[in-house]
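Open the model in your viewer and switch to a cartoon view. Keep the selection tool at hand.

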Amino acid sequence: MKVRPLQDRVVIKPLTAETKTASGIIIPDNAQEKPVEGQVIGVGNGRVLKDGSVVKPDVKVGDRVLYSKYAGNEIKIDGVDHLIMREEDILAIVD
């Protein structure tokens with residue numbers, strides 16, 4: 001299935017949460033925090049302003065980003081969990 005986000009929305013594939021601490025302790029599934037980092041899979045054309053002009057998005061496909069913990073809506077694409085959210089919910093691009 002192919003998903004093309006509209007306007008200023010972005011499709012993100014969350015990176016998997018760590019299952020082990022640095023010291024080797026295994027973290028159970030129910031104690032793991034939601035991931036806040038992911039890879040951009042799809043980007044819309046941009047936000048449309050009141051005058052009709054379009055502001056291009058700052059992120060592009062392939063960028064690793066940090067986003068708000070509870071941002072976006074969860075969707076499944078080919079059985080894999082993804083998030084679709086507005087570009088304003090993205091906090092930073094990871095270099």
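**Before you click.** This is a predicted model, so local features need pLDDT of at least 70, side-chain atom pairs count only at pLDDT 80 or more, and totals for chains, interfaces and linings use all residues. Residues are numbered from 1 along each chain as its sequence is written, and side-chain values use heavy atoms, with hydrogens and water left out.

**Stop 1: the sheet.** Colour the strands. Strands (E, at least two residues) are DSSP runs, numbered from the N terminus. You will find an open sheet of 6 strands in the order E6-E7-E1-E2-E5-E8, with antiparallel pairing. Two strands pair if DSSP finds at least two bridges between them. At the edges lie E6 (73-77) and E8 (90-94), and each pairs on one side only. Strands of a sheet pair through backbone hydrogen bonds, either parallel or antiparallel.

**Stop 2: strand E1.** Select residues 9-14. On one pairing, 5 bridges join E1 to the antiparallel strand E2 (residues 37-43). Lys 13 has Gln 39 of E2 as its bridge partner. On another, 4 bridges link E1 to E7 (residues 80-86), again antiparallel. Here Val 10 stands opposite Met 85.

**Stop 3: the end of E1.** Pick Pro 14, which is in E1. Pro 14 is partly exposed, because its relative accessible area is 22%. Buried means under 20%, exposed over 50%, and partly exposed in between (1.4 Å probe, protein chains only). Now draw a distance from Pro 14 to Val 36: their C-alpha atoms are 7.3 Å apart, with the two residues 22 apart along the chain.

**Stop 4: the hairpin.** Move to E6 and E7, an antiparallel pair with 5 bridges. Ile 77 is partnered by Val 80 in E7. The hairpin has 2 residues between the strands, and Asp 78 takes a positive phi near 55 degrees.

**Stop 5: the surface.** Show Val 36, Leu 66, Leu 91 and Val 94, which make a nonpolar surface patch of about 300 Å². Areas come from the Shrake-Rupley method with a 1.4 Å probe. Finish on Leu 66 in strand E5 (residues 64-67). Leu 66 is partly exposed, at 31% relative accessible area.

Terms used
Patch = residues over 30% accessible without salt bridge, like charges linked within 9 Å, V, L, I, M, F, W, Y side chains within 5 Å. Salt bridge = Lys/Arg side-chain N within 4 Å of Asp/Glu carboxyl O.
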